[in-house]
Number of protein chains: 2
Amino acid sequence: MAELNGTQIPQCYERIKPYIHRTPVLTSRLINTITGAEVYFKCENFQRMGAYKMRGATHALLSLSEEERQKGVVTHSSGNFAQALSLAAKALGVEAHIVMPSTAPDVKKKGVVEYGGKIYECEPTLEARNAAANEIQERTGAAFLHPSNDPDVILGQGTAAYEFLQDHPDLDYILTPVGGGGLIAGTALAAAYLNPKVEVIGTEPFAVDDAYRSLKSGKIEGNTSTNTIADGLKTQLGSNTFPVIRKYVKRIIRVEEEEIVEAMRLIWERMKIIVEPSSAVALAGLQRESTYFKGKKVGIIISGGNVDLARLPF
Amino acid sequence: MAELNGTQIPQCYERIKPYIHRTPVLTSRLINTITGAEVYFKCENFQRMGAYKMRGATHALLSLSEEERQKGVVTHSSGNFAQALSLAAKALGVEAHIVMPSTAPDVKKKGVVEYGGKIYECEPTLEARNAAANEIQERTGAAFLHPSNDPDVILGQGTAAYEFLQDHPDLDYILTPVGGGGLIAGTALAAAYLNPKVEVIGTEPFAVDDAYRSLKSGKIEGNTSTNTIADGLKTQLGSNTFPVIRKYVKRIIRVEEEEIVEAMRLIWERMKIIVEPSSAVALAGLQRESTYFKGKKVGIIISGGNVDLARLPF
């Protein structure tokens, strides 16, 4: 495969445009006052199914041949990608097989079923997930789509920053959370293409700082434990996301769990929008390093708003 | 005083415009599917200080003479009007005296202080509130502004519907919650002026159905108990709001407490915006009477988004 390149993003955007929302960019005077920066929030919590994952899932599906699509698609995910692929597949008349760990919250299983995805439960280990996905692939001929490492998924996720920089070309920074790395890799590609002066910075919890350590060591690091409220960020970088991040991203800011909850509360209380903990990580990073960002135009990608209201940290 | 009239609203709007946000109107495909109606949400939860009350408070202040403003203003409120008056007064350099019952939640007192209002605590009875406000009025010469019954407040609240009908002139209905009646009276005046074909309907909890009973009996009724989650709707109609409501509003839909919580959950989970229980009452009313609204264009005024996150009903 050729190296991933931001020049592919405009075409990707044109293809997925009919299937996604162009999400609004919000600002808050109070948050500007608190942080001392000029902050712009790209609200992917208002994206279809409630997260940016809809972009990558749609692009990956559209990149398959008609013949491939007829055989369906398969993924393993307990989070937003499972719902995104289900909904995108439904819109395109494709069958979606979703492998989910038996421990996945009911609310997420419900979402997948509601969007028309077919759930296959497995043991909550990476091995069991891979085995189940492989079995489905072999039996049905379905194409496997990885939630973050698939190249077409990465390009699709980059369209959020593509819209963002069209609306606000003069951002100094874009901050995103980092889990599997699909969002930040796509964002970095979009920024490098549209305006290389925009610096893309990653944010992640200290509890799962695999991306921070990977950038230090020069190889993909894992997490020995994943005890964080930011449930979307427990995964590690992949063979396609890591090289892009290594090339373009110079900095990862790490934050404490209390800082995540505080930032989440600030967004909920002051902006009156619902964001998931993973999204609050980026604002927490900005607040932690507020001296660094003082007076700058900082874009934050609010990755999603899918929260279990019965299990809030407040 | 001359009869309140919608023709006064455009001028009112021009005056308060520099001090308020023009709030967005949001839609949700899923909520349209669930209700069978075409629903438009006027998002006053995104208004400054988080509620439509900012409009009326600003208008009432601007309607005072320079001399009156120099003596300050006083109100009694434990809710959004206290914060609205504090913030509007701050913007205009006016001193705001806020009488609050000692039982008011800390989060609301905090809001008032943050916006620069001066709090006077009193016993949680209507008599004590009036007495405290009177005392301040006599001592300082401050002008008393009622949270819902003041004519200039009513006109100010009407600017939400004024913007709403400018953006969506072809609504069949506008639904609002009813507490003291300021919002629905202002809305009815705006609709009568801009498009008399728009029917304005009130919604309130069965637990505090004083407006419903007032329309039936032809006189202002009170509530013997106020046991509802919709904390903004416990008050009763006033001498200025009731005549307007009686003239223009033909129908009040009452809803159960569980219906309010369900509607609130639906908005939070699907629209990813934070609305207070009082705001969810309008959607609950639409859902309860969905047959009536089937296929119609229904506007809902989301009155506010000030919620104590530590005390959610989920």
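Visitor: What links Lys42(A), Glu44(A), Arg55(A) and Glu163(A)?

Guide: Lys42(A), Glu44(A), Arg55(A) and Glu163(A) are joined in a network of salt bridges. The term requires a side-chain nitrogen of Lys or Arg within 4 Å of a carboxyl oxygen of Asp or Glu. Over all chains, the structure holds 38 salt bridges. This is a predicted model, in which local features need pLDDT of at least 70 and side-chain atom pairs count only at pLDDT 80 or more, while totals for chains, interfaces and linings use all residues; side-chain values use heavy atoms, with hydrogens and water left out. Residues are numbered from 1 along each chain as its sequence is written, and chains are lettered from A and ligands numbered from 1 in the order in which they are written.

Visitor: Why is the pair of Arg139(A) and Glu135(A) called a salt bridge?

Guide: The closest N and O atoms of the pair are 2.9 Å apart, which is within the limit, so the name applies.

Visitor: How do you know that about one helical turn separates Arg139(A) and Glu135(A)?

Guide: The two residues are four residues apart in helix 7 (residues 126–140) of chain A. Helices here are DSSP runs of H or I with at least four residues, strands are runs of E with at least two, and both are numbered from the N terminus.

Visitor: Why is Thr176(A) called buried?

Guide: The relative accessible area of Thr176(A) is 0%, so the residue counts as buried. Thr176(A) is in strand 7 (residues 173–177) of chain A. Contact means heavy atoms within 4.5 Å; not counting residues up to four places away in sequence, the residues touched by Thr176(A) include Leu183(A), Ile201(A), Ala282(A) and Ile301(A).

Visitor: How do you know that the radius of gyration of chain A agrees with that of a compact globule?

Guide: The radius is taken over C-alpha atoms, and the globule rule is 2.2 Å times the number of residues to the power 0.38. For 314 residues the rule gives a value near 20 Å, and chain A has 18 Å, which agrees. Buried residues make up 59% of this chain.

Visitor: How many residues of chain B are in contact with chain A?

Guide: The interface has 22 residues of chain B in contact with 22 residues of chain A. About 1800 Å² is buried between the chains, 56% of it on carbon and sulfur atoms; this is the accessible area (1.4 Å probe) that two parts lose on being put together, summed over both.

Terms used. Buried means under 20% relative accessible area, exposed over 50%, partly exposed in between (1.4 Å probe, protein chains only).
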